[in-house]
Amino acid sequence: MTDTILARASGAGQAAVAVLRLSGPQAGAMLQGLAGRLPEPRRASLRRLRDASGEVLDQALVLWFPGPGSYTGEDAAELHLHGGSAVVAAVEAALLRQGCRPAEPGEFTRRAFLHGRMDLTQAEAVADLIAAETEQQRRQALRQAEGALARLYGGWSARLTRILAQQEAAIEFEMDDLPSDLSDLARQGAAALRGEIAAHLADGGRGEKLREGLSIAILGAPNAGKSSLLNALAERDAAIVSAQPGTTRDIVECRLILGGVPVMLADTAGLRRTTDAVEQEGVRRATRRAGEADLLLLAFACDAAPDAESLALLELAPGALVLATKCDLAPPPDRIAGREVLATSTRTGQGMEALKAALADHAQRHAGLGDAPALTRTRHRASLTEAVARLAEAEAARLPEVAAENFRAALNALGRLTGRVDVEQILDAIFRDFCIGK
């Protein structure tokens, strides 16, 4: 981090304003080289920017953020330029000639983490905020950026540090004047902590689904109205609709926002026995997508008898939403295989608002924001799963040394979540809490 880095912080292309960001040990000197002198910290100042020859490049707002009170924790500066590409290119060239270099992707936030301005969960939240498409995603990312996960995981780490300190003290200072039940207290604390982490893991992937999106698949027999349903929900002609059976051979996907949650809606090939090799592959892909989807929409046309393939799939999918399609052609049944149905017609619009409401409700229940901060990444889930397993091994260990080693491994797993694993914290807890060496 001895380099001073430069990047355009605003969007690419022509705009009214373009923002250049500098960070590093020479940021102040480089800003002085352009603007003549440093402005007051964190206060916008209007300056003429000049290159080394004295030529005026632009009249811009400049801001100076001396470290550690900056985004990165280093000396940093921002230049709010006129947004023309020639202006931006000229100022960038002048700064590069002073010795800075273009920043790597994510390098400003990486430096913020390395300088202790944020932990890894907050750094990930910055990326999620930038990528947020929906209000629900924005709220989840903002909650994480403000430290909700960091506080939760940090609290668990602090408790586990004390548990490990108790176990280490029981081993290393057995003859000192310490409570005799330290090992039991450590195991009891570990059991309670393991239960809390396990409950956090058992959220059905709510946070990941809100961040990445739900998968919903439409399945049914040929000519059951699946492609029409996709087009109606997407409000555009995303899939070909034809009276000829077997029109859809491959999976047709469409991205929607339902209840503030991103959803990938998929139309699939009609389920039936066929000798056509291409259609057989389409059926295989449809069946595979059925096993991967978060929700199935099983379509049964009102003007045809329920087909055996769809009925068989219905038995394997208790959470599927059963649709009686084409209800403008024939009266819909009250139930199909004992399951309640939602009657729909893409031609008349009957039932379509109810279908959208049901899908939005499902999306919010399975991927919406809850009261507690949610897991948002596979990395988090893997580390927490390891921590739970290590805590369980520690509880079952017969030797206190084995228990301590598993507590230490669990603490390392929690530390990887935030990027902070500190052995000194364990030592501090031992000496502070038990007054050893008195």
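Student: Where is Leu-219 placed?

Tutor: Leu-219 lies in strand β7, residues 214–220. Helices (H or I, at least four residues) and strands (E, at least two) are DSSP runs, numbered from the N terminus.

Student: And what kind of model is this?

Tutor: This is a predicted model, in which local features need pLDDT of at least 70 and side-chain atom pairs count only at pLDDT 80 or more, while totals for chains, interfaces and linings use all residues. Residues are numbered from 1 along each chain as its sequence is written, and side-chain values use heavy atoms, with hydrogens and water left out.

Student: Back to Leu-219. Buried or exposed?

Tutor: Leu-219 has a relative accessible area of 0%, so it is buried. Buried means under 20% relative accessible area, exposed means over 50%, and partly exposed is in between (1.4 Å probe, protein chains only).

Student: Which residues does Leu-219 touch?

Tutor: Not counting residues up to four places away in sequence, Leu-219 touches Lys-226, Thr-268, Leu-271, Ala-286, Ala-290, Leu-296, Leu-297, Leu-298, Ala-299 and Leu-313. Contact means heavy atoms within 4.5 Å. Ala-305 is 86 residues from Leu-219 along the chain, and the C-alpha atoms of the two are separated by 16 Å.

Student: Let's move to helices. How do α6 and α7 pack?

Tutor: Helix α6 (residues 148–172) and helix α7 (residues 182–201) pack at an angle of about 160°, and their axes are 8 Å apart. That angle is why α6 is roughly antiparallel to α7. The axes are lines fitted to C-alpha atoms, for helices over the stretch in contact, and angles run from 0 to 180 degrees between N-to-C directions. Angles under 35 degrees count as roughly parallel, over 145 as roughly antiparallel, 65 to 115 as roughly perpendicular and the rest as oblique.

Student: What classes of residue are in the contact of α6 with α7?

Tutor: The contact includes Leu-149, Trp-156 and Ile-163 of α6, and Leu-185, Ala-186 and Leu-193 of α7. By class, the contact of α6 with α7 has 15 nonpolar, five polar and three charged residues. Ala, Val, Leu, Ile, Met, Phe, Trp, Tyr, Cys and Pro count as nonpolar, Asp, Glu, Lys and Arg as charged, and the others, Gly among them, as polar.

Student: How do α6 and α14 pack?

Tutor: The angle between α6 and α14 is about 160°, with their axes 9 Å apart. That makes α6 roughly antiparallel to α14. Among the residues that meet are Tyr-153, Leu-160 and Leu-164 in α6 and Ala-403, Phe-407 and Leu-411 in α14. The contact of α6 with α14 has 14 nonpolar, four polar and three charged residues.

Student: What about α7 and α14, at what angle do they pack?

Tutor: α7 and α14 pack at an angle of about 35°, with their axes 12 Å apart. The contact is made by Ala-186, Arg-187, Ala-190 and Ile-197 of α7 and Pro-400, Ala-403, Phe-407 and Leu-414 of α14. Those residues divide into seven nonpolar, no polar and one charged.

Student: Which residues of α4 are buried?

Tutor: In α4, the buried residues are Thr-121, Gln-122, Ala-123, Glu-124, Ala-125 and Asp-128. They pack against α3 (107–114), α5 (135–145), α6, α8 (206–212), α13 (378–396) and α14 (400–418).

Student: Then Arg-377. Where does Arg-377 lie?

Tutor: Arg-377 lies in the loop between α12 (352–367) and α13. Its relative accessibility is 16%, so Arg-377 counts as buried. Leaving aside neighbours within four places in sequence, Arg-377 is in contact with Glu-124, Ala-127, Asp-128, Glu-208 and Arg-211.

Student: Which residues does a cis peptide bond join?

Tutor: The cis peptide bond joins Gly-67 and Pro-68, with omega about 5°. Pro-68 is in the loop between β4 (56–65) and β5 (76–82).

Student: Last topic, backbone angles. What is phi of Lys-326?

Tutor: Phi of Lys-326 is near 55°, a positive value in a residue other than glycine. Lys-326 is in the loop between β11 (321–325) and β12 (335–336), and it is partly exposed, with a relative accessible area of 24%. Ala-337 also has phi near 55°. Ala-337 lies in the loop between β12 and β13 (339–340), and at a relative accessible area of 62% Ala-337 is exposed.
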